Every structure is written in C-alpha cells, then in structure tokens.
Amino acid sequence: MPGIELGESIPPNTAHAVSVSLPTWRSNVGYEEGEKWVVDSMTTGYPRFFVHKSIEALARDIVARHGPSATQHDLHAMLFPTPNTARRCLEFMKTRPEAGPAVDEVQIVDLVLDPASPAPDAVRALRPAMSAVICPEDLYPVAKQYWQHSGDGVSSRRAEFCHRLLKEDLLILAHSSPRPSQQTQKVGRGPKRYQRFSVDDTVSKATTAANGHHQNDHQNGRQGGHTDGHSSGPSNGTNGHTNGHINGNSNGTTLEETEVFESSRFLEERYGRNLALSFVENAKSAIRRRIAGVLTSEVDLTSALPIMDSNARGLTNLSEDDIYLVPCGMNAIFTAHQTLLKARGPLKSVNFGFPYVDTLKILEKFGPGAIFYGHGSKSDLDEFESRLDGGEKFLGFFCEFPGNPLLTCPNLGRIRKLADKHDFAVVVDETVGTFVNINVLPFADVVVSSLTKIFSGDCNVMGGSMVLNPNGRYYGALQKVLAQDFEDTYWAEDVIFMERNSRDFRSRIDRVNDNAETICRVLNAHPLVREVYYPKYNAEARPQYDAVKTAHGGYGGLLSCTLQTKAHAMAFYDALDTAKGPSLGTNFTLTSPYVLLAHYKELDWAATFGVDPDLLRISVGLEDNLESIFTAALKAIEAVDASP
C-alpha cells in the first residue's frame with residue numbers, strides 16, 4: 001500500500017481508518033510541531049490522539065444546541081458513551097492542578113433516544129446515547145488527557161450514528177419531555193410513505209408481525225453482505241445489505257400495515273445502517289472464543305456457536321465470561337487498573353519495561369502512582385525484588401510481552417513467583433506477541449490486548465479485550481467489582497466489523513511471522529543497519545519468549561531497527577516503499593519513526609532507557625515482495641553522505 005498522499009487515511013478512502021499517512025521523515029516532525037502544511041492536510045489520525053472529524057462535528061452540534069447560552073468562553077465538548085464515563089472525565093479534571101477554578105464551569109449533557117420516537121426495537125437495541133463534557137476552551141486539553149489515556153471516548157461510528165439522530169431531533173436530553181404524539185410527528189426526510197407512523201394497539205400488533213417477516217428477510221440478505229469481501233468497499237458496511245426486503249403487499253397485509261412496516265424499515269435503514277443487529281451478541285461471543293483460542297474457523301452467526309472448549313489457553317476452567325470486550329486496547333489497561341484499585345485498595349503499581357506511552361500515564365495519574373523500570377532488565381527485576389523483601393507493597397505489575405518498541409521480554413516465570421510470594425497482581429499486555437504465538441495467561445492475573453491491531457488487521461475498527469485468569473488469586477475480587485461496575489460500551493457496529501475482520505486471524509499470523517523473519521534477515525545482513533530488535537535474534541529476550549511460545553507459534557510481526565546515523569535513518573524511511581504512519585498490526589506493512597511520534601518532547605528521557613530517537617518500527621504485513629522492498633530501500637541509502 002505504498003504511495004499514499006500526506007494526510008490521507010490508511011487504508012485510503014476509509015472513513016474509520018486507524019492510521020494516517022506521514023510518508024516522509026519531515027512530515028512526522030511537522031506533525032509533532034503542529035505545522036500547517038501537515039496538520040491541515042490530515043483527513044484523519046490515530047484514534048485517542050486525533051479527534052475524528054465525525055466526533056468533532058457531533059461535538060460542535062451538541063455545544064450549539066445544549067451548551068450554556070451565556071458564557072465568556074468558547075466552548076468545546078468531549079464525547080463519551082455513557083453518563084458514568086463522562087463523569088469519570090469530570091472527576092479526573094478536578095484532580096488536575098492545571099484545571100484550576102474554571103473546572104466549576106464544566107457541564108455534562110446526557111442525550112438519549114427519544115422514548116416517543118418511532119424507532120423499531122432493532123434500533124433501540126443499540127442503546128444510542130451520548131454524554132458530552134462541555135468545557136471552556138482552556139480546559140479542553142485537560143479533558144483530552146482523560147480521553148486519550150482512558151480510551152473511554154466514543155467511537156467514530158457511534159458518533160456518526162448519533163449525529164444522524166440528533167439532526168432528526170431523535171436524540172434528546174435525558175431528562176427532557178418526550179416529543180409530541182407520534183400520530184402527528186414526522187419521521188424524517190424519507191419518502192412520503194415512510195413519514196406516517198401510528199402507535200394505536202392495532203397498528204402496534206401489525207408492526208410486530210411485519211417486523212417478524214422483515215427480520216427474517218434481513219438476516220437472509222445481510223449475513224452474506226457481512227461475510228464477503230471484507231477488505232474492500234466503503235467502511236460503513238452498507239453495501240449489499242438491502243436485498244431481500246418485503247415489497248408491497250405480497251404478504252397479505254393491509255395498506256396501513258404495510259406503511260407502518262415501511263416506516264419501521266426506513267428508520268432501521270436510516271439509523272440502523274442495515275446492521276445485522278440480531279447477530280451482535282453472537283458476534284461478541286465469536287470474538288471472545290477467538291481470544292480464548294478455541295474458535296479457529298469461520299462460523300455462521302445465525303446459528304448457535306459450538307460449545308466452549310474445556311482446555312482454552314491451557315486452562316481447564318477458562319470461561320467465555322472471563323473475557324471482557326472494550327472499545328480499545330488502552331481502555332482494557334485502564335479498566336484492569338481501575339478494577340484492581342477497587343478490589344485491592346490504593347497501592348502503587350509497577351510499570352516494567354519501556355512502555356506504550358499511555359500505560360505509564362494511566363498508572364501515574366489514576367491512583368497513588370507507579371514505580372517505573374524502563375529497561376525491563378534482570379537488574380531491574382533484582383532491584384524490584386529487593387523492594388519486596390524490604391516490605392514494600394504493590395497493587396499490580398504491568399508489562400508488555402514483547403515490549404514496544406524494543407521487543408524486550410520480561411521473565412514471566414520469575415515474576416509469577418514473586419507475585420505469589422509478595423501478593424501483587426500481574427497484568428500482561430500481549431498485543432505484540434498475540435495469543436497465537438505466545439500463551440502468557442497462566443503467568444498473569446489479567447491479560448489485556450488491543451484488538452485494533454493484528455486481530456483485526458484491516459485498520460478500520462477499534463477494540464480491546466481483558467481476560468481474567470480463573471485460577472488467579474484475585475479472580476473472585478475482580479469479578480465482583482466488574483459485576484458491579486463494568487459497562488459494555490463496545491458499539492455494535494464496531495463489533496460487527498471486528499468479528500468479520502478477525503475470522504482469518506490465525507492464518508494471517510503465520511504469514512506475518514514468516515515475513516518478519518525475512519525482513520530481519522535482510523536488515524541484519526546490511527552494514528548500514530546498526531541493530532535489529534526482534535525476539536528471535538535477541539540473546540536476552542529469546543529464552544523468555546521461548547518459555548511461553550506456543551507449539552506452532554512464531555516470533556511475531558513487529559520489529560524495530562536503528563541505522564548507523566540519523567541521516568541514514570531519514571533516507572531509509574523516505575525510500576521505503578511501504579505504508580507509513582502510526583499504529584501496528586495491519587495486514588499491510590506499516591513503518592513508523594516510532595520514538596519521534598510517541599516521545600517527541602521527551603526524546604532525551606527515552607534515550608536514557610536505550611531507546612534511540614531515530615529508531616524505526618516496522619509492523620509487518622502480508623505482502624509477497626517485502627524482501628525486494630527492503631533491499632531496494634537499503635540500496636537507496638548507500639550513497640547518503642552521513643558525515644557531520
């Protein structure tokens with residue numbers, strides 16, 4: 001997927017893309033510096049760092065409709081899926097010293113589907129709702145901190161859906177009066193026959209009967225549309241779903257009954273976007289079973305799923321109920337940390353190994369703080385053990401396996417023994433390794449992952465997961481907290497896309513593993529490459545990796561490298577004929593000057609942990625010609641004048 005213009009979505013022309021093209025080294029610097037030639041060209045960006053334009057548009061309209069009428073400040077809104085998530089944002093803002101007294105001006109607006117609207121049950125089942133934290137412009141960056149770190153914000157698909165409802169006056173204030181009687185209220189701007197809707201008892205019965213036929217025809221037509229050609233076509237998933245509807249009076253209903261049915265159909269098509277809504281719960285179940293490792297083939301979502309295997313992830317008692325789906329990977333880490341705090345009390349945590357940027361922020365800002373071991377080395381673990389022997393108590397030990405971007409691998413066996421002896425929880429992020437290649441659950445109390453990455457692969461939907469170890473010391477306490485506090489905020493349309501994208505997950509992993517090793521061989525053989533970071537070729541990491549590697553697993557699809565000089569790194573990046581932008585785990589190879597993007601304002605700090613500011617991170621895809629692509633890029637830099 002080379003040759004993508006600056007600022008274009010990756011994949012191109014994808015409304016809900018997870019990455020954006022930054023094709024030159026200079027454009028990455030320009031992005032970090034906020035230079036207009038870069039920022040103004042961006043059609044999208046990486047979620048949690050870039051507010052999607054659909055979310056921005058909805059936020060503006062909510063402020064215009066429901067913001068305070070008299071204010072001296074420009075107002076902005078940060079959007080969340082539930083009242084609880086919005087109020088968590090406000091509570092966070094109150095703890096931040098930079099907010100100051102202006103935090104008292106923050107207003108929360110809760111919006112729900114109008115209970116008097118003529119929306120059918122299928123649309124109501126989506127629970128379309130929105131909560132907006134409306135704040136003065138100066139406080140927006142504080143609200144954005146919570147949004148970025150927690151992953152609690154709304155998805156772009158939810159925003160699009162709710163924006164349509166808002167424009168039609170179907171999304172109203174949670175405590176406002178219902179709209180006028182549906183007998184006189186128009187549905188919207190659809191065909192005239194769709195604008196008539198009555199709610200007397202006779203018509204209600206007719207609607208129920210008509211919707212029963214309608215649902216069957218939708219299932220027959222929609223399911224095929226969701227299973228074919230999942231990597232092409234518009235990202236809103238509306239093509240191929242409108243066949244098979246009931247037409248006219250062929251089922252023997254009266255004209256009035258037909259018009260009621262058509263009104264219902266219009267609403268579902270207009271606001272339900274032809275989703276196979278009846279399949280959402282089965283789709284969630286299929287995703288959970290893939291995460292458990294027991295569902296390895298395609299399934300028909302119209303029928304009951306096979307019985308859960310009794311030996312999932314090497315545990316005889318892992319249940320589907322032990323797997324929680326959340327809107328993104330960072331929200332899985334946030335939820336795990338918050339749940340541990342409620343289950344065990346306010347103790348500091350440990351972040352072991354150089355982390356993905358927001359993991360450390362979560363541990364530092366949403367509790368008593370954290371101890372950071374940035375090298376993730378044996379000596380770091382020795383020092384941590386001495387703290388434990390000295391009587392210090394900790395909430396949880398958070399680590400990635402392997403780490404990002406240096407692909408380091410902590411000694412999980414030793415960590416597990418320390419946790420059992422000194423009473424702390426172990427939380428492992430397996431995003432980079434993937435459960436196909438490694439099995440870390442027996443060593444952890446909680447395993448988290450970003451499904452946005454290779455589990456999806458298509459780079460067009462967000463998602464995350466949190467798996468509890470049923471044999472863990474804190475299993476009962478964690479379950480109790482989650483039973484009280486956990487909200488399923490994973491938007492139904494995102495679920496449908498994630499389930500569909502993940503069907504060939506296992507076969508893609510095998511191909512990616514092979515391609516990554518091919519690229520490593522090319523890089524390791526060239527004198528201008530200073531170092532390659534990959535578990536298979538790292539003397540310290542490999543024994544730890546092999547200890548949890550599955551029987552048929554490989555070493556993953558992520559690697560990093562440094563070149564002899566910054567000039568070489570810049571030239572190599574510019575010459576490399578792959579997609580270039582943030583994120584990882586895509587079905588196509590995606591390259592990024594990761595440290596520049598993730599730690600631009602703290603490059604010296606990163607360097608103290610052995611993370612070179614000019615490091616390039618390569619997320620390996622499924623292409624057939626990667627050896628020639630990387631060989632050509634290396635050839636192109638051989639003439640670079642790297643002299644000072």
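1. Let me start with Asn538, which sits in the loop between β14 (529-533) and α18 (541-546); helices (H or I, at least four residues) and strands (E, at least two) are DSSP runs, numbered from the N terminus. This is a predicted model, where local features need pLDDT of at least 70, side-chain atom pairs count only at pLDDT 80 or more, and totals for chains, interfaces and linings use all residues. Residues are numbered from 1 along each chain as its sequence is written, and side-chain values use heavy atoms, with hydrogens and water left out.

2. A polar atom of the Asn538 side chain lies 2.9 Å from the backbone nitrogen of Ala541. Leu406 is 132 residues away from Asn538 in sequence, yet their C-alpha atoms are 10.0 Å apart.

3. Do look at β12 (446-450), where 5 of 5 residues are buried. Val446, Val448 and Ser450 are on one side, with Val447 and Ser449 on the other.

4. What flanks this strand? β11 (residues 425-429) runs parallel to β12, joined by 3 bridges (strands pair if DSSP finds at least two bridges between them), and Val427 stands opposite Val446. With β13 (residues 464-468), β12 pairs in the antiparallel sense over 5 bridges, and Ser450 stands opposite Gly464.

Methods:
Polar contact = N/O pair within 3.5 Å; in protein donor to acceptor, adjacent residues only side chain to side chain. Buried < 20%, exposed > 50% of the residue type's maximum accessible area, 1.4 Å probe, protein only.
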